[in-house]
Amino acid sequence: MTTAKAKRGSFVPNFTSRLTPPLIALILAIVLFLLGGVISPGFVNANQAINIVRLAAFLGIIAAGQTLVIISGGEGIDLSVASVVTLGAILTFRLTDGQDALILPVLGLVMLVGAGIGLVNGLGIVFLRIPPLVMTLAMAGVVQGVILQVTRGELEGETPDLMRTLIAQPLIGPIPGVIFLWIGLGIAMWLLLERTPYGKMLFAVGINRTTAMLSGVRVPLVVVLTYAMSGMLAAFGGFVLLGFTDIVFLNLGGRYLFPSIAAVVVGGTLLSGGKGSYWGTMSGALVLQLINSLLQAQGLPEATQSIILGVVLLVLISIYGRQRAFRL
Amino acid sequence: MVTLSAQHLVKRYGGVVALADGNLEVQSGQVVALIGANGSGKSTLSKIITGVVAPNEGQLLLDGQSVSFSSPLAARQKGITAVYQELSLVPEMSISENIWLSHEPMRYGVRLDRKAMQKRAQELLDLFKGTIPASLTPTTPVYDLTPDERQIVEILKAISQDPQLVIFDEATASLDSAQVTRLFELIEDWKSAGMAIVFVSHRMDEIFRVADQATVLRNGSHVGTVDIAATSERQLVQMMIEGAAALEREAREPVAAGAPIRLDVRDLTTEKLRGVSFDLRDGELLGIGGLQGQGQSDLLLAIFGAIPFQGALTLSGRRVHFSHPRQAMKQDVAFVPGDRGNEGLLLIRSILDNLMLPSLREFGTPLRMQRARSEAGAVSDDLSLVMASLDAPVNSLSGGNAQKVVIGKWLLRDPKLLLLNDPTKGVDVGAKGEFYKLLADLRHQGTAILFYSSDDEELLGLCDRVLVMHDGRISAELAGENVTRENLVAASMGATHHDASHHKEEPTA
């Protein structure tokens with residue numbers, strides 16, 4: 001966002017300097033979609049488009065907190081998102097037990113639990129100086145363990161009908177509610193990052209913590225808050241995901257861990273922090289989902305899919321590396 | 001004997017002319033100062049001579065023969081080397097390994113001769129004996145060194161190559177005055193041994209102390225070469241400044257009698273400070289001097305709440321003890337750090353974002369961007385900030401303009417107590433002049449200013465009262481006619497000044 005804006009003010013209004021990573025990702029998503037039509041006729045149609053955006057929405061929502069954490073820098077990363085997604089879904093499944101009336105209070109509780117887990121992550125990272133990778137990985141193990149311990153593998157409960165209706169089924173015309181939810185989250189995240197003191201401080205903390213501190217930013221507070229928010233958003237992601245899957249299983253969120261980081265990076269957010277946007281992550285989620293759908297449509301074996309996905313990510317990141325040489 | 005002559009060198013980067021007409025003559029046994037404002041082309045000229053960049057036009061004559069260097073190594077083989085301000089040392093390696101990097105003494109031509117390396121490195125370190133801690137040995141890793149010690153290693157590294165010509169590019173900026181004095185003694189020795197020396201510096205007093213001649217560049221062109229002995233400081237400054245509009249320093253003036261005390265500091269102690277006491281009145285510009293690293297930064301950081309401390313701070317009559325800069329900022333205290341890139345700016349963010357950063361909460365949620373933009377615009381107009389737009393990234397600015405952003409972000413908050421940590425380091429003469437003017441304006445508005453400078457001239461020219469620090473204490477308080485170079489230097493070296501006041505009196509609690 002800011003880069004696009006900053007570019008407007010620079011003297012060299014050439015095309016390459018405006019071609020920021022989020023924009024590259026978005027163009028790539030469109031190209032991939034059209035490519036899908038060439039490879040397998042019938043791929044390009046409205047229903048398919050809606051389906052892909054719907055699937056990308058779940059990844060996008062789960063990757064929202066990851067975006068914030070990675071922007072915060074200091075080797076920031078949240079490896080506990082997957083477990084928290086699973087926990088969020090299981091809690092919703094169990095506590096609502098299919099009752100529509102309980103959706104809102106349970107959602108509140110689920111997000112609070114997620115925020116609590118993130119808070120512990122943040123406190124450990126800031127005050128015990130545990131590296132984020134280690135802290136959140138350990139937390140992932142703890143959360144997974146607690147889930148096993150408490151449920152003993154028996155997952156009882158039910159998904160409320162209303163959640164299914166609002167999230168997974170067509171809401172307005174053929175478009176399911178989750179897409180509106182995702183767009184709403186996109187707007188909220190833009191406001192958070194670009195139009196609140198917290199957002200500006202988060203970028204400052206990600207770029208240079210000394211400058212931030214000497215400019216009056218309470219760096220530890222911003223970092224702890226960011227991890228808490230990541231936990232909260234991951235739990236929310238689990239809640240939303242349940243509306244789609246209908247049932248829960250012990251590794252529900254597991255397959256979102258790697259993509260949640262990949263979507264952020266493909267969207268142009270620097271892993272070193274201080275630079276990025278949520279609309280980039282949204283584009284990144286679309287790209288990943290499209291690659292996934294395309295490869296699946298080809299009927300390739302799982303292993304081949306995973307190889308191609310990895311290569312595509314490497315190519316993209318190296319292109320971004322070149323971009324930065326143009327002084328982004 | 002060696003003679004180097006650069007004739008009509010031109011260097012263009014794309015459409016930008018970095019050097020339009022670079023001329024320089026230097027020979028064995030001579031020190032030529034290369035001076036000019038920032039952006040005058042002196043770095044480019046040095047880089048051509050040392051083979052870092054190739055010129056587009058012009059020629060370089062070494063002992064009358066035309067030469068062109070394809071790399072710094074090629075220049076080094078001809079005996080030409082440079083000491084830069086940006087350090088090129090490898091932190092993980094020892095002093096000795098850094099000194100000998102890429103020209104290691106070999107035994108039988110294959111194996112590193114470690115013994116010889118260490119012995120020779122020790123001899124080199126001994127050149128600065130007394131101005132660096134005795135604990136430094138050839139095996140000390142560079143990451144353990146302070147910036148001034150690193151700079152010295154950098155100098156020794158150049159000297160270890162037995163060069164015929166050395167360019168010192170702002171190599172004294174991080175040295176303290178004892179180290180500078182020692183370096184100048186060494187330069188005298190090297191001179192008489194036949195070395196040719198080019199000395200690039202912003203510091204007028206150093207140029208007059210060390211150089212035989214001065215070559216002045218302005219906007220990439222050679223303005224003239226003069227004998228230092230027959231030239232005044234004023235004449236040199238006039239050569240450097242276009243239209244000969246020499247800078248008038250703001251005359252130093254005492255603080256208005258009876259101005260209220262803004263800040264009272266008693267027995268301030270930190271890891272480096274060992275009990276510092278003084279007071280500062282509204283509208284006063286109080287200087288802090290002394291060699292580098294005597295606790296000046298700690299003093300400013302402690303008052304600003306950025307590092308823990310013991311002692312009593314009283315701000316406008318109220319006892320305060322800030323544990324975070326945020327609290328100090330709420331009491332209208334501002335701090336301008338010395339290291340722009342690492343402490344003052346978010347380099348990849350826009351000028352607007354940088355100016356807004358300390359005041360974000362004042363713009364509310366959602367941020368009132370319109371108001372922020374107009375306030376930031378007003379401040380950048382006041383500072384005559386040269387920029388493409390407020391949305392341009394701050395790393396697109398020149399050094400002087402970037403420093404204006406570091407100050408501007410605090411002017412947005414209208415500070416009553418301004419803490420300055422060596423704010424003019426690496427800033428060109430023109431921008432310095434504007435900065436002095438700004439300080440005078442702020443004083444007249446009643447802002448209390450605590451001003452640490454590593455440039456003695458600044459303190460002598462601007463401050464009516466100077467606290468000289470040595471080893472974590474105030475070794476002398478100079479005021480009025482006692483603010484002289486002699487007193488300042490004596491107190492910096494730790495000499496006990498006859499009327500040095502240590503503020504022994506206890507606060508009446």
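Biologist: Which residue just after H13(A) takes a positive phi?

Modeller: In this predicted model, the residue just after H13(A) with a positive phi is A:Gly268, at about 90°.

Biologist: What makes helix H13 of chain A mostly covered?

Modeller: Helix H13 spans residues 257–266 of chain A, and seven of its ten residues are buried. The buried residues include A:Ser260, A:Ile261 and A:Ala262, and to be called buried a residue must have under 20% relative accessible area.

Biologist: Why is the meeting of B:Asp353 and A:Lys200 called a salt bridge?

Modeller: The side chains of B:Asp353 and A:Lys200 come to 2.7 Å, N to O, and the cut-off for a Lys nitrogen and an Asp carboxyl oxygen is within 4 Å, so the pair qualifies as a salt bridge. The count between chain B and chain A is one salt bridge, while eight residue pairs are in polar contact across that interface.

Biologist: Which helices of chain B each supply at least two residues of the side that touches chain A?

Modeller: They are helix H10 (325–330), helix H11 (340–344) and helix H14 (399–411) of chain B. By class, that side of chain B has 19 nonpolar, ten polar and seven charged residues.

Biologist: How do you know how much area chain B and chain A bury between them?

Modeller: The accessible area lost on putting the two chains together, summed over both, is the buried area, and for chain B and chain A this comes to about 2700 Å², with 64% of it on carbon and sulfur atoms. In chain B, B:His324, B:Ile348 and B:Arg349 lose the most area to chain A, together 20% of what that side buries.

How values were computed
Residues numbered from 1 in each chain as written. Chains lettered and ligands numbered in written order. Predicted model: local features only at pLDDT ≥ 70, side-chain atom pairs only at ≥ 80, totals over all residues. Heavy atoms only, no water. Buried area = accessible area lost by both parts, 1.4 Å probe. Polar contact = N/O pair within 3.5 Å; in protein donor to acceptor, adjacent residues only side chain to side chain. Helix = DSSP H or I, 4+ residues; strand = E, 2+ residues; numbered from the N terminus. Nonpolar A, V, L, I, M, F, W, Y, C, P; charged D, E, K, R; others polar. Buried < 20%, exposed > 50% of the residue type's maximum accessible area, 1.4 Å probe, protein only.
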